[in-house]
Amino acid sequence: TQTYCSAENKKVSDLSTIVGIKWYTSATGGTALPSTTVLTSQKYYGAVMANGCESARQEVTVTITPTAAAPAVAATQTYCSAENKKVSDLSTIAGIKWYTSATGGTALAPTTVLTSQKYYGAVTANGCESARREVTVTIQTSMMITGQPHQANYYKGASAAAMSVVATGTGPFTYKWFVNTTNSNIGGTQVATTSTFTPPTSVVGIKYYYVEITGTCGTVKSKATPVIVTNRVQSDSKTYTGHPSTNSTPTNAGNILTNTKINGVPPTPTEVAISIDTPATPQGSAPVPKINTTTGVVEIPQGTPPGTYTIRYKVCDKATPATCVITTATVVVTSNTIQAIDDNVSVEKSTTDQYVKVGGNDFNVLSNDKLAGVTGIQPSQVDIQTTNTVTGLTIEPATGKVKVSSSVQAGVYTLK
């Protein structure tokens with residue numbers, strides 16, 4: 001007995017490999033069948049020739065089993081690469097086998113990962129494999145971001161560069177840009193639907209931007225990217241000139257804030273934080289010029305020696321404390337000018353030593369003199385030295401008072 005599947009299309013020649021064998025459809029008589037005769041379900045009889053005589057005929061029962069129809073499977077199937085689909089995902093039919101050719105070949109393992117090509121599926125019924133069903137598989141590239149938006153820092157009001165992202169996948173793509181107040185790509189407010197986005201710089205602070213990209217194979221989000229907008233602080237080096245103070249209140253030689261700008265506008269003292277990076281170098285232990293970190297005033301204290309001093313300072317914007325500028329103030333300290341005014345005073349001769357008085361008060365040679373243009377010099381501000389000697393007449397260096405000895409005779413005297 002021999003059993004075949006109809007799809008095999010077996011012929012009489014397939015019944016035996018014996019050379020010269022002849023096949024009939026009857027046990028005796030009849031005409032031998034051509035070797036190309038297609039087999040059907042019936043009995044066949046085979047005989048061979050030996051020494052010119054045909055042998056007895058051998059009966060062979062042939063059964064041709066009908067081949068089942070090709071399995072019902074979707075002819076086109078599309079997947080995304082990230083799904084990592086396998087041959088077993090092409091159909092849920094039990095026992096189905098898949099090939100990469102319409103005929104022949106070896107059945108694929110169910111775990112074989114699908115690629116974009118044609119597959120052919122067949123089922124087995126009654127020991128016969130069905131006709132093969134052609135299925136065209138397309139694997140589309142899943143969405144992936146390969147280039148994230150870049151962090152950027154801008155001064156307020158500056159022109160910003162467009163933010164962009166690089167993505168791969170099967171398109172077309174659609175874009176949604178979002179702004180967030182926190183470092184997160186969840187939530188936020190949608191601001192654009194273009195492939196790029198130019199962030200505004202009109203408000204100082206930090207904003208986080210991300211983009212959501214949708215393609216044929218899903219949606220992906222970029223990372224939240226910060227865009228930092230700060231005030232622009234400028235402060236150029238400048239030279240300030242002044243003389244030492246003549247009292248406990250330092251001389252105001254100028255203000256560094258007049259030479260400082262935030263976004264092009266001079267700030268008020270409350271808008272900035274001033275600190276000293278490198279103070280002026282003193283001459284010995286003498287006072288030096290200073291910058292008042294509260295007001296920005298360049299101060300020259302009393303007793304500061306003439307000379308040129310350098311102060312390195314830093315100005316930071318309080319609204320964006322990390323925005324600072326460091327620059328240098330050069331302070332030229334000039335000598336104070338003393339203007340001595342001649343005095344004419346009189347006193348009556350006395351039998352005792354006395355001080356010259358004017359209006360009932362002790363006269364002081366400094367009372368009408370000027371120091372740095374200010375009338376009324378204090379003895380502590382200057383050194384008084386006489387350049388000539390008049391016996392019995394003295395100017396006290398510590399007080400500026402004029403003392404007259406009782407021995408001085410009436411007359412006109414000059415003290416220098």
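Here are some questions and answers about a predicted model. Local features need pLDDT of at least 70 and side-chain atom pairs count only at pLDDT 80 or more, while totals for chains, interfaces and linings use all residues. Residues are numbered from 1 along each chain as its sequence is written, and side-chain values use heavy atoms, with hydrogens and water left out.

User: Which peptide bond is cis, and where is the place of Pro172?

Analyst: Happy to start there: the bond from Gly171 to Pro172 is cis, with omega near 5 degrees. Strands here are DSSP runs of E with at least two residues, numbered from the N terminus. In those terms, Pro172 sits in the loop between β15 (166-168) and β16 (174-180).

User: Is Asn51 buried or exposed?

Analyst: Asn51 has a positive phi of about 55 degrees although it is not a glycine. Its place is the loop between β4 (49-50) and β5 (53-54). Buried means under 20% relative accessible area, exposed over 50%, and partly exposed in between, using a 1.4 Å probe and protein chains only. With a relative accessible area of 83%, Asn51 is exposed.

User: What is the relative accessibility of Asn84?

Analyst: Asn84 is not a glycine either, yet has a positive phi of about 55 degrees. This residue lies in the loop between β7 (76-80) and β8 (97-99). Asn84 counts as partly exposed, because its relative accessibility is 40%.

User: Which strands stand at the edges of the open sheet of three strands?

Analyst: The sheet has the order β23-β27-β26, with antiparallel pairing. Each edge strand has a single partner strand, so one side of each is left without a neighbour in the sheet; these strands are β23 (251-255) and β26 (290-291).

User: What is the bridge partner of Asn255 in β27?

Analyst: Two strands pair if DSSP finds at least two bridges between them. β23 and β27 (residues 297-300) pair in the antiparallel sense over three bridges. In β27, the partner of Asn255 is Val297.

User: Leaving aside neighbours within four places in sequence, which residues is Ala161 in contact with?

Analyst: Ala161 is found in the loop between β14 (152-155) and β15, and counts as partly exposed at 46% relative accessibility. Contact means heavy atoms within 4.5 Å. With neighbours within four places in sequence left aside, the contacts of Ala161 are Tyr154, Phe197, Thr198 and Pro199.

User: What separates the C-alpha atoms of Ala161 and Pro200?

Analyst: Along the chain, Ala161 and Pro200 are 39 residues apart.

Terms used: Helix = DSSP H or I, 4+ residues; strand = E, 2+ residues; numbered from the N terminus.
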